[in-house]
Amino acid sequence: MQTILQAVSIRNFKKIDKLDLAFDGYSYLLTGPNGVGKSSVIQAIMMALNLEPVTDNLVTKGKDKGEIILKMKRDDTEYSSTVKLKETKESIIFEFINET
């Protein structure tokens, strides 16, 4: 039984204003110059899977909310994992939502 990542949607996370990726296979390579957000994509995925805490400058500068959505499939069941972020001067609020 394996879980396959089908899609990633990122809004206002670190340097990423808007990014939608669809996956139709098993291996992918992220390439690009330094500072464009490759590591931020990986951090967003890890955070949505609750595997890596990210605690600094989560929401894109000038925005107060961000969102990460993962669409996955295990066997014949599709489900999603969503992280909603709200950053204030005093704190960061995380809301994790898992749906089948």
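A: Aspartate 75 lies in the loop between β3 and β4, where strands (E, at least two residues) and helices (H or I, at least four residues) are DSSP runs numbered from the N terminus. Its phi is near 55°, a positive value in a residue other than glycine. The model is predicted, with pLDDT of at least 70 required for local features and 80 or more for side-chain atom pairs, while totals for chains, interfaces and linings use all residues. Residues are numbered from 1 along each chain as its sequence is written, and side-chain values use heavy atoms, with hydrogens and water left out.

Glutamate 67 and lysine 84 form a salt bridge through their side chains, at 3.4 Å from N to O; the term denotes a side-chain nitrogen of Lys or Arg within 4 Å of a carboxyl oxygen of Asp or Glu. Glutamate 67 belongs to β3 (residues 65-74) and lysine 84 to β4 (residues 77-87), so the bridge ties together parts that are 17 residues apart in sequence. Glutamate 67 is partly exposed at a relative accessible area of 22%, and lysine 84 is likewise partly exposed, at 35%. On this scale, buried means under 20% relative accessible area, exposed over 50% and partly exposed in between, for a 1.4 Å probe and protein chains only.

A hairpin of 4 residues joins β4 to β5. Lysine 84 has glutamate 95 as its bridge partner in β5.

Threonine 82 is in β4 and counts as buried, at 8% relative accessibility. Apart from neighbours within four places in sequence, threonine 82 is in contact (heavy atoms within 4.5 Å) with Glu67, Ile68, Ile69, Glu95, Phe96 and Ile97. Serine 80, also placed in β4, is buried at 9%. With residues up to four places away again left out, serine 80 touches Leu70, Lys71, Met72, Ile97, Asn98 and Glu99.

Strand β1 (residues 3-13) holds isoleucine 4, which is partly exposed at 27%. Beyond four places in sequence, isoleucine 4 touches Tyr26, Lys71, Met72 and Lys73. By contrast, isoleucine 4 and glycine 66 are 24 Å apart, C-alpha to C-alpha, and 62 residues apart in sequence.

Lysine 14 sits in the loop between β1 and β2 (16-22) and is buried, with a relative accessible area of 19%. The salt bridges number 2, including one between aspartate 20 and arginine 11, whose closest N and O atoms are 3.1 Å apart. Aspartate 20 is partly exposed at 47%, and so is arginine 11, at 24%.

For the chain as a whole, there are 1 helix and 5 strands, in the order β-β-α-β-β-β along the sequence. The C-alpha trace spans about 45 × 30 × 20 Å along its principal axes. Of the 100 residues, 28% count as buried. Among contacts with a separation of 6 or more, 47% are between residues 24 or more positions apart. The chain exposes about 6900 Å², of which carbon and sulfur atoms supply 49%; accessible areas follow the Shrake-Rupley method with a 1.4 Å probe, and for residues only the protein chains shown count as cover.

Methods: Pairing = 2+ DSSP bridges.
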